[in-house]
Amino acid sequence: MSTTAARPAPATPPAPSPSPPPAARRRRRFSPTAYVLLIPAVLVLLAGMGYPLYWQIVTSLQEFGLAQQFGQPPTFVGLDNYARIFSDDRMWAVVVRSVVFCLVNAFATVGIGTLLALLMKAVHPVVRVVLQVSLLLAWAMPLVAAVTVWKWLFDWRTGVINWLLVQMGFDQYSGHTWLAQPLSFFFVATVIIVWMSVPFVALSMYAALTQVSDEVLEAARIDGAGPARILWHVTLPLVRPVLSIVLLLQIIWDLRVFAQIKLLQDGGAPVGETNLLGNFIYEIGIGRQDFAGAAAVSIFVLALTVLLSWPYVRNLLKEDR
Amino acid sequence: MSAASAPSAPSAASAPVAAPPARAGTPAVPTPAGPRRGTPGGRTGRRVRRALLGLLAVVVAVVWAFPVYWMVLSSLLPSARLRASTPTFLPTGTTLGNFRSVLDGAGFGSALRMSLAITGVTVVAVLVFAFLAALAISRFRFRGRLTFVVAVLFVQMLPAEGLFIAQYKMLSSTNLLNSVVGVSILYTAAVVPFTIWMLRGFVAGVPIELEEAAMVDGLSRVQAFLRITFPLLAPGLVASGVYAFLQAWNEFTVALVALPAESARTLPLWLRSFLASSANRGVDWGEVMAASTLIAVPVIVFFLLVQGRMTSGLVSGAVKG
């Protein structure tokens, strides 16, 4: 039973139909048909991802300034763009900010999500359904609508959060502008991102928890373990594969936060001090038309993503056997 | 393990409906021979603890759903009420005036048409391309198969922010900026990898023996596929289609760079500019929330309807909306 609970993918459902033995399933044909079937997908991937990636690698190694905008052929400059970008203090400020923001958000999301999953397991089924529906509502909200609503909640003049804080006796929050200082700006961004991401973690972790067999828990109980010890020494080790995958996904996802920041900046936030990596790329690429610099930062972000994704991809590949 | 079992997976939404196995603490049915060591006092303590946890869960549910409730409520209140110093928490004296002025205002109609066109093209293209590719990798063995699978898995992890400058340059040099075709290519390329992976699981979940048995009974290979396998894949195609719909409908980042013209705005871009233009005259939050509600409610309804199918697919894949 414990092996069922310890399977590596978060959504590990008990296989409903007995899958055929590997030998039978692997009877595939050698045939040119396969290549024909792949053509459309490969073409669209080459057009939408492959060519941009190629362009980006080439551009990051070229001088691509205003002169090139007006038709001059670009010159090959090797790693100059990378050297230029990485000797820029602003770049490092953005990198540090992005990494800290990403880790804070990922761990907060996974922590809260896991606690909510445990809570779901502990309460009456009716209460559990109420909580799940509420989480699904938050999960289903389109990103732009969600950020817009949160901007209304945090509105300095008539927002309900300032009102609530004043009611609780914190008078300094009357007319408080949350988005004007970087620190409280990132606090609001964290609240929004955690709010949006926790449902996925909570529901995945709950699915994993339901697979921990009751016999194992009962056995631990008979052996005299208290609830805290059971949680720490039995339950969490059994759901650890799911927990680590979910955490990894959150880290990868939170590293690429762009839209939320961009939308929050619209209110007049200090852009230079609130940019994360994606926003930085946007600013130097679209804003300053420094395509070579933007390409260099993009390659850095892509390399980081591929590096972080490797354990996840390897785990998925196990499914392909 | 695979996405194939997704439809019948113990998804978070359907699981609690079934009688949960973890009801050991139910005081109404004391099992005399059970290993429980609970004295009557201990049982009361457990009941109190469970009630407190239930209360906590309800509070969390209310907090989590509150932004969605607040969006809908604010959209129904006249702006004078929203500007009052004490917020209105209950739906009294509601009006549809905000919706009327949003729908009569400029931009919504054209943004809706743009979103519908892009989403429609993307969903159809994704379904066809991903289905063919999924067939290739799950029914055939061929040179380069593993390379393709690994590439697909990595591509689905790549952040839009790492490529959008290059995609912008590509579209602008081919005169595809502000066009349905250009964005649809980018969306299809972004969504197709995950859908291939999801459908691969569904195709692999249909044992090839079924097809072979039908062929023994006299059907051709194509006939056997169409009559036997294809109907069994319907749930997978629905899930993939909905996934593609949600991605394309909610997308903001790529649209921001690929559709800079006002006339080419999709709904998320329109909502952002709606808030910005409202901010010029001291944000009319009632109208902004009505605009948000118009975008969010169809998505939420759709999401809730299909989420049981989607959750496990999302978990074993890697794309977040």
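Biologist: How many helices and strands are there in chain B?
Modeller: Chain B has 12 helices and 0 strands. Here helices (H or I, at least four residues) and strands (E, at least two) are DSSP runs, numbered from the N terminus. Before we go on, this is a predicted model: local features need pLDDT of at least 70, side-chain atom pairs count only at pLDDT 80 or more, and totals for chains, interfaces and linings use all residues. Residues are numbered from 1 along each chain as its sequence is written, while chains are lettered from A and ligands numbered from 1 in the order in which they are written.

Biologist: Good to know. And how many helices and strands does chain A have?
Modeller: Chain A has 16 helices and 2 strands.

Biologist: How much of each chain counts as buried?
Modeller: In chain A, 43% of the 321 residues count as buried. For chain B, buried residues make up 46% of the 321 residues. The cut-offs go by C-beta atoms placed from the backbone: a residue is buried if 20 or more others lie within 10 Å of its own, exposed if 12 or fewer, and partly exposed in between.

Biologist: What share of the contacts in chain B with a separation of 6 or more comes from residues 24 or more positions apart?
Modeller: That share is 79% in chain B. In chain A, residues 24 or more positions apart account for 71% of the contacts with a separation of 6 or more. Two residues are in contact if their C-beta atoms, placed from the backbone, lie within 7 Å.

Biologist: Switching to annotations: where does UniProt place the "ABC transmembrane type-1" domain in chain B?
Modeller: The unreviewed UniProt entry places that domain at residues 112-306 of chain B. UniProt positions are given in the numbering used here, feature names are shortened, and annotations may be inferred rather than shown by experiment. In the model, residues 112-306 of chain B are 80% helix and 0% strand, with the end C-alpha atoms 23 Å apart.

Biologist: Which residues of chain A does the "ABC transmembrane type-1" annotation cover?
Modeller: In chain A, the unreviewed UniProt annotation covers residues 95-312. That span is 79% helix and 0% strand, and its end C-alpha atoms lie 23 Å apart.

Biologist: What about the "transmembrane region" annotation in chain B?
Modeller: The unreviewed UniProt entry gives several stretches of chain B, including residues 148-168 and 180-203. Residues 148-168 of chain B are 62% helix and 0% strand, with end C-alpha atoms 26 Å apart. Residues 180-203 of chain B are 100% helix and 0% strand, with end C-alpha atoms 31 Å apart.

Biologist: At what angle do H3 of chain A and H7 of chain B cross?
Modeller: Helix H3 (residues 33-60) of chain A and helix H7 (residues 180-205) of chain B cross at roughly 130 degrees, and their axes come within 8 Å. Axes are lines fitted to C-alpha atoms, for helices over the stretch in contact, and angles run from 0 to 180 degrees between N-to-C directions. H3(A) and H7(B) are therefore oblique to each other. Angles under 35 degrees count as roughly parallel, over 145 as roughly antiparallel, 65 to 115 as roughly perpendicular and the rest as oblique.

Biologist: Which residues meet there?
Modeller: Among them are A:Ala41, A:Val44 and A:Leu45 in H3(A), and B:Ile185, B:Leu186 and B:Thr188 in H7(B). By class, the contact of H3(A) with H7(B) has 11 nonpolar, 2 polar and no charged residues.

Biologist: Last one: is A:Gly224 buried or exposed, and why?
Modeller: A:Gly224 is exposed, because 8 other C-beta atoms lie within 10 Å. A:Gly224 sits in the loop between helix H11 (214-222) and helix H12 (227-255) of chain A.

How values were computed
Nonpolar A, V, L, I, M, F, W, Y, C, P; charged D, E, K, R; others polar.
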